[in-house]
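Please open the model in a viewer and keep the selection tool at hand.

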Amino acid sequence: MNPYIVDGHCDSLIDFVKGERTLQDPSEGGHWDTTRARMSGVCLQFLAAYIEAEYKPFMATTRGLQLIEGANRFIAGHPDQLFPILGKKDLSLIPDPERTGILLSVEGGEILGQNLFMLDIIYELGVRALGLTWNQRNELADGAYEADTQSRLTNLGKQVVSRMNELGMLIDVSHLNEAGFWHVLELSKDPIVASHSCAKALCNHPRNLTDQQLRALAKHKSVVGVNFYPQFLKETGIATREDVVRHICHIAGVAGVETVGLGSDFDGITEVPEGLEHVGDYCFLIDDLRKAGFSNQEIDKISSQNFMRILSNVLK
């Protein structure tokens with residue numbers, strides 16, 4: 001019997017909000033839907049509200065709120081299949097044999113504008129994780145593609161980290177520049193996540209994490225969700241499921257198996273690894289982890305328990 005899965009990041013919400021897919025039927029296309037997610041044992045899915053570039057900066061709050069409304073409508077419309085993860089008590093419902101838990105995340109602090117009070121508003125609307133930046137600079141910090149600036153968090157960024165700790169929100173550093181990454185670890189009282197990143201030692205991409213960063217995440221009892229994007233897995237940009245396993249093995253070797261999870265980035269990536277092309281293929285990845293020598297207990301940690309542990313530590 002395969003273990004259940006916690007996936008730290010997918011971008012399928014935009015298709016739902018645009019009316020392009022119901023996220024119910026595999027025949028509609030895309031990488032993620034509730035049918036294949038349940039079949040593959042996904043018990044908890046982080047559902048990202050990614051604010052597209054055309055809405056930034058002036059319409060970012062409006063678009064972000066529109067995406068949050070869409071996520072809540074999606075969850076409420078399928079109570080027999082989905083339920084929201086809003087607090088520690090909801091974690092006790094996992095795994096539910098019939099329903100998938102949905103944890104709503106916002107990808108990019110642009111939704112806040114210059115206003116700390118917006119953090120409380122999106123919390124009240126059900127958001128429980130926030131990526132401080134996307135790849136570019138915003139009012140909180142610099143993104144991964146602004147690495148040369150070596151800028152730490154702004155004053156507002158520092159306030160956001162503090163308030164997220166108070167509220168019980170998960171801080172996501174996947175798109176943050178390296179200086180910002182270290183600043184967050186310095187400031188945050190709670191563990192953090194890099195929900196969808198890979199190992200820079202295996203693929204030198206700005207979105208990936210150095211071994212030093214991986215060891216620091218381990219020290220802070222934090223988690224990195226391995227991303228399935230071929231550009232992050234291999235410098236040729238052509239990858240297979242074996243390359244995902246390579247990154248999992250590397251992170252486990254450098255930072256310990258307690259530091260690695262899964263963060264597919266399904267429907268946010270334009271290409272997928274051969275053999276891991278949609279959420280229904282998770283069973284093959286689990287088989288590969290067994291072949292790579294991971295014990296059942298270690299596979300449980302990678303597939304779900306590490307993310308569950310961090311959520312139980314952070315959520316109120």
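A residue is called buried when its relative accessible area is under 20%. The model is a predicted one, and the term applies directly to the opening stop.

**Stop 1**

Select Arg63 and Glu52. Both Arg63 and Glu52 fall in the buried class, and their side chains form a salt bridge with an N to O distance of 2.7 Å. Arg63 belongs to helix α3 (residues 60-76), whereas Glu52 sits in the loop between β2 (42-50) and α3, so this pair ties together parts that are 11 residues apart in sequence.

Arg36 and Asp33 are both buried.

Now return to helix α3 and select Arg73 with Glu69. These two residues lie in that helix, four residues apart, which corresponds to about one turn. A salt bridge joins their side chains at 3.0 Å, N to O. Are they buried or partly exposed? Arg73 counts as partly exposed because its relative accessibility is 41%, and Glu69 counts as partly exposed because its relative accessible area is 40%.

Select Asp15, Arg21 and Asp267 together. Salt bridges with shared partners join Asp15, Arg21 and Asp267 into one network. Over the whole structure, a search finds 16 salt bridges. As background, side chains of opposite charge can pair when their charged atoms come close.

**Stop 2: the largest pocket**

Select Asp11, Trp134, Asp265, Gly268 and Ile269. Of the 20 residues that line the largest pocket, these five lie nearest its centre. The space in the largest pocket amounts to about 370 Å³. How do the residues of its lining divide among nonpolar, polar and charged? The lining of the largest pocket has seven nonpolar, six polar and seven charged residues.

Keep Asp265 selected and inspect its backbone. Asp265 is found in the loop between β9 (260-262) and α11 (282-291). Its phi is positive, about 70 degrees, although Asp265 is not a glycine. Asp265 counts as buried because its relative accessibility is 7%.

**Stop 3**

Go to Lys221, in the loop between α8 (211-219) and β8 (223-226). Here too phi is positive in a residue other than glycine, with a value near 55 degrees for Lys221. Is Lys221 buried or exposed? With a relative accessibility of 57%, Lys221 counts as exposed. For context, most residues other than glycine have a negative phi, and most peptide bonds are trans.

**Stop 4**

Select Lys56 and Pro57. The peptide bond that joins Lys56 and Pro57 is cis, with omega of about 0 degrees. Pro57 lies in the loop between β2 and α3, the loop that also holds Glu52.

Then select Ile94 and Pro95. A cis peptide bond is present here as well, joining Ile94 and Pro95 with omega of about 0 degrees. Pro95 is located in the loop between α4 (88-91) and β4 (100-107).

In the lining of the second largest pocket, seven residues are nonpolar, four are polar and four are charged.

**Stop 5: a nonpolar surface patch**

Select Phe117, Ile121 and Leu125. These residues make a nonpolar surface patch of about 260 Å². Leu125 is placed in the loop between α5 (117-124) and β5 (127-131). With a relative accessible area of 37%, Leu125 is partly exposed.

**Stop 6: helix α9**

Finish at Gln231, a residue of helix α9 (residues 230-233). Gln231 has 31% relative accessibility and therefore counts as partly exposed.

Methods: Residues numbered from 1 in each chain as written. Predicted model: local features only at pLDDT ≥ 70, side-chain atom pairs only at ≥ 80, totals over all residues. Heavy atoms only, no water. 1 Å grid on protein atoms, 1.4 Å probe; cavity = no way out; pocket = protein on both sides within 12 Å on 5 of 7 lines; lining within 4 Å. Points joined across faces, edges and corners; volume = space filled by probe spheres on them. Nonpolar A, V, L, I, M, F, W, Y, C, P; charged D, E, K, R; others polar. Patch = residues over 30% accessible without salt bridge, like charges linked within 9 Å, V, L, I, M, F, W, Y side chains within 5 Å. Areas by Shrake-Rupley, 256 points an atom, 1.4 Å probe, with all protein chains shown as cover. Salt bridge = Lys/Arg side-chain N within 4 Å of Asp/Glu carboxyl O. Buried < 20%, exposed > 50% of the residue type's maximum accessible area, 1.4 Å probe, protein only.
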